[in-house]
Amino acid sequence: EGFELSESNRVLSHGLTQISARALKQPLMGRFVLTGITGLADIDPLFSIIDADDRVQAYIGGALASDLAKPADQTVSAWLDLFHGTLVGVRRKSELITSADLEQIYTAFFDAALDDLDPYSRYSGRLQARANRETRNGFGGIGLRYVNTDLGLEVQGLQPEAPAAAAGLIVGDFITHIDGVSLATKRSWT
């Protein structure tokens, strides 16, 4: 079917656990997951849910896609079971959700859930998270990470296919001059 339940469970469980551990105000896992489920409407606008007293019904257009009991407890695993059950039912009725890859599902889920919890937080998918890490670790501009030394800038890391790598720089090189200006005495570059 193209949907890897174990992978989805691992990613969503990790994400929900991390969010719960870092939230200033502890979210109720049920509300958090139900809000995340509504994000599937970003993939298929015909998707909707009805949150009844003890059941959650998902629809594609007017067609019932799933009708599941709400978990009795607020554990991540119990609510993820509800999410995955809903997703399996919805995928039977929605070509758009069936053809969505896991990153699209994660993005729809976390963006909706986080928007309810904190309007300033956003989910970063695998590629965006990698780019964010590279930026935090000093990559950027020409794709070069460096440290200041008495000799100049020592190359500590390079992004493949970035301008610095394309110019032939390698890790361990020293950049001693830029436009004829010595870097030996310069202590800070912005």
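Helix axes are lines fitted to C-alpha atoms, for helices over the stretch in contact, and the angles between N-to-C directions run from 0 to 180 degrees. With that convention, helix H2 (residues 29-38) and H3 pack at an angle of about 20 degrees, with their axes 10 Å apart. The model is predicted: local features need pLDDT of at least 70, side-chain atom pairs count only at pLDDT 80 or more, and totals for chains, interfaces and linings use all residues. Residues are numbered from 1 along each chain as its sequence is written, and side-chain values use heavy atoms, with hydrogens and water left out.

**The chain as a whole**

- The protein chain has 7 helices and 8 strands; helices (H or I, at least four residues) and strands (E, at least two) are DSSP runs, numbered from the N terminus.
- Of the 190 residues in the protein chain, 37% are buried; buried means under 20% relative accessible area, exposed over 50%, and partly exposed in between, with a 1.4 Å probe and protein chains only.
- Among contacts in the protein chain with a separation of 6 or more, 46% come from residues 24 or more positions apart; contact means heavy atoms within 4.5 Å.

**Helices H2 and H3**

- Two packed helices are described by the angle between their axes and the distance between the axes.
- For H2 and H3 the angle is about 20 degrees, which makes H2 roughly parallel to H3; angles under 35 degrees count as roughly parallel, over 145 as roughly antiparallel, 65 to 115 as roughly perpendicular and the rest as oblique.
- The crossing of H2 and H3 is right-handed; a crossing is right-handed if the near helix is turned clockwise from the far one by less than a right angle, and left-handed if anticlockwise.
- On the H2 side, the contact is made by Met 29, Gly 30, Val 33, Leu 34 and Ile 37, and on the H3 side by Val 76, Trp 79, Leu 82, Phe 83 and Thr 86.
- The residues of this contact comprise 8 nonpolar, 2 polar and no charged; Ala, Val, Leu, Ile, Met, Phe, Trp, Tyr, Cys and Pro count as nonpolar, Asp, Glu, Lys and Arg as charged, and the others, Gly among them, as polar.
- H2 is largely enclosed by the rest of the structure, because 8 of its 10 residues are buried.
- The buried residues of H2 are Met 29, Gly 30, Phe 32, Val 33, Leu 34, Thr 35, Gly 36 and Ile 37.
- Thr 86 lies in H3, which covers residues 76-93, and is buried at 1% relative accessibility.
- Beyond its neighbours within four places in sequence, Thr 86 is in contact with Ile 37, Ala 58, Ser 66 and Leu 68.

- Phe 47 belongs to strand E1 and counts as buried at 5% relative accessibility.
- Not counting residues up to four places away in sequence, Phe 47 touches Ile 37, Thr 38, Leu 40, Ala 41, Ala 58, Tyr 59, Ile 60, Val 90 and Ile 97.
- From Phe 47 to Tyr 59, 12 residues apart in sequence, the C-alpha distance is 5.6 Å.
- Leu 64 is part of strand E3 (residues 63-69) and is partly exposed, with a relative accessible area of 41%.
- Leu 64 and Phe 47 are 17 residues apart in sequence, and their C-alpha atoms are 10.0 Å apart.
- Leaving aside neighbours within four places in sequence, the contacts of Leu 64 are Gln 57, Ala 58, Tyr 59 and Lys 93.

**Aspartates in loops**

- Asp 44 sits in the loop between H2 and strand E1 (47-51) and is buried, at a relative accessible area of 4%.
- Leaving aside neighbours within four places in sequence, Asp 44 is in contact with Ile 60, Ser 94, Leu 96 and Ile 97.
- Asp 44 and Ala 100 are 56 residues apart in sequence, with 9.6 Å between their C-alpha atoms.
- Asp 150 is in the loop between strand E4 (144-148) and strand E5 (153-158), and is exposed, with a relative accessible area of 60%.
- The C-alpha atoms of Asp 150 and Leu 183 are separated by 8.3 Å, with the two residues 33 apart along the chain.
- Asp 179 lies in the loop between strand E7 (177-178) and strand E8 (181-182), and counts as exposed at 80% relative accessibility.
- Most residues other than glycine have a negative phi.
- Asp 179 has a positive phi of about 50 degrees, although it is not a glycine.
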